[in-house]
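Visitor: I'm new to this one. Could you take a close look at the aromatic rings for me?

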Amino acid sequence: MIPRFNIQPVAKSLDQKLKDRIDQKTKPIGALGVLESIAFKIGRIQQTETPTLNHPHIVVFAGDHGIAKAGVSAYPQEVTHQMVLNFLNNGAAINVLTRQHNIELLVVDAGVNHDFANTTNESFLSRKVGMGTRNYLKEPAMTEEELAEAIALGAHITATIHRKGCNIIGFGEMGIGNTSSASLIMSTLLNLPLKLCVGSGTGLDKTGVQQKRKLLQSVLDTYEVEKSNPMVVMQTFGGFELAMMLGAFLRAGELGMTILVDGFIASSVFICAQQTAPAISDYALFTHCSKEAGHHLMLKELAQPHILNLDLRLGEGTGCALVYPIIESAVRFLNEMASFESANVSTKDS
């Protein structure tokens, strides 16, 4: 049975106090721009005028996709497990960025088509649901039982991290072929034409994108998916790493954690989470707008602002890592910056 989650909307009782505290800092009102809205949101999530960021984590879920061998990616499926090993050897972009910003990194085998039995690394979790999903050109990507297992495992991982004292968490992914899943999820749940949702992914050229779009359109034409049921959509088109991320998102919202949403793929999973539990949006910060075609439109449909525009399209949770020091700056100004009164500075109307 698919787990259920009880995510409560964030209370607004402190809104005016938070706004006043921000406005009374020694600056013109609004002069710190987006930092002010970040500080306000985190204060609201934590229900305090003096929020803290404790034990930040980024979890990268990895999984393979049956569709990967059908020509939807510029890279072979083997790259998924090779990149997992690269993560564990501290050689990937997410390793560099989490190390730079003192963020704890966890890599999870959600369903990679590779045996990691001899892997010993404190940053690695084996939670394999299967050796990759099925090819949804022929059948749904996973069974309902597999979906439920992946969601439960993702939720348990988040809960375990939360018990360590973490109150801010981001999620990344690795899986050759998963931009195809994200495009299908986006098109179906947001009821948008597929052509607006399909991009180059790992670097397909124009011809490759056209072939990918044609192939994925044939997938959409094959299934009559219940468009109002995000769980069925995830079961049909998703990956084990995406389903596990869905459970991780939902439990993070249930636990009142600040959630950092990465790029195109993570945002497609967030669509599933939001349509399952709308209040989860109260806990989410969208870290950047990806260069991947469709992400800008996705964020528009979600009515969510984003923090960075760096033309990223890597995944791995890199947007989460890059945004973290900005979030830290927002919290620090709220807690440490003097007010007009404490600094004996005249206000505008004095």
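Guide: Let's start with what counts as a ring pair: rings of Phe, Tyr and Trp (its six-membered ring) pair if their centres lie within 6.5 Å, with planes under 30 degrees apart called stacked, over 60 edge-to-face and the rest tilted. By that rule, ring pairs link Phe61, Phe171, Phe249, Phe270 and Phe286 into a cluster. Bear in mind that this is a predicted model, where local features need pLDDT of at least 70 and side-chain atom pairs count only at pLDDT 80 or more, while totals for chains, interfaces and linings use all residues. Residues are numbered from 1 along each chain as its sequence is written, and side-chain values use heavy atoms, with hydrogens and water left out.

In total, the structure holds seven aromatic pairs. One of them joins Phe116 and Phe124, a tilted pair with 5.5 Å from centre to centre and 55 degrees between the planes.

Now look at Tyr223 and Phe237. Their ring centres are 5.8 Å apart and their planes sit at 85 degrees, so this pair is edge-to-face. Tyr223 lies in the loop between helix 7 (206-222) and helix 8 (230-237), and Phe237 lies in helix 8, so the pair ties together parts that are 14 residues apart in sequence. Helices here are DSSP runs (H or I, at least four residues; strands are E, at least two), numbered from the N terminus. Tyr223 is buried, and Phe237 is too.

Technical notes. Buried < 20%, exposed > 50% of the residue type's maximum accessible area, 1.4 Å probe, protein only.
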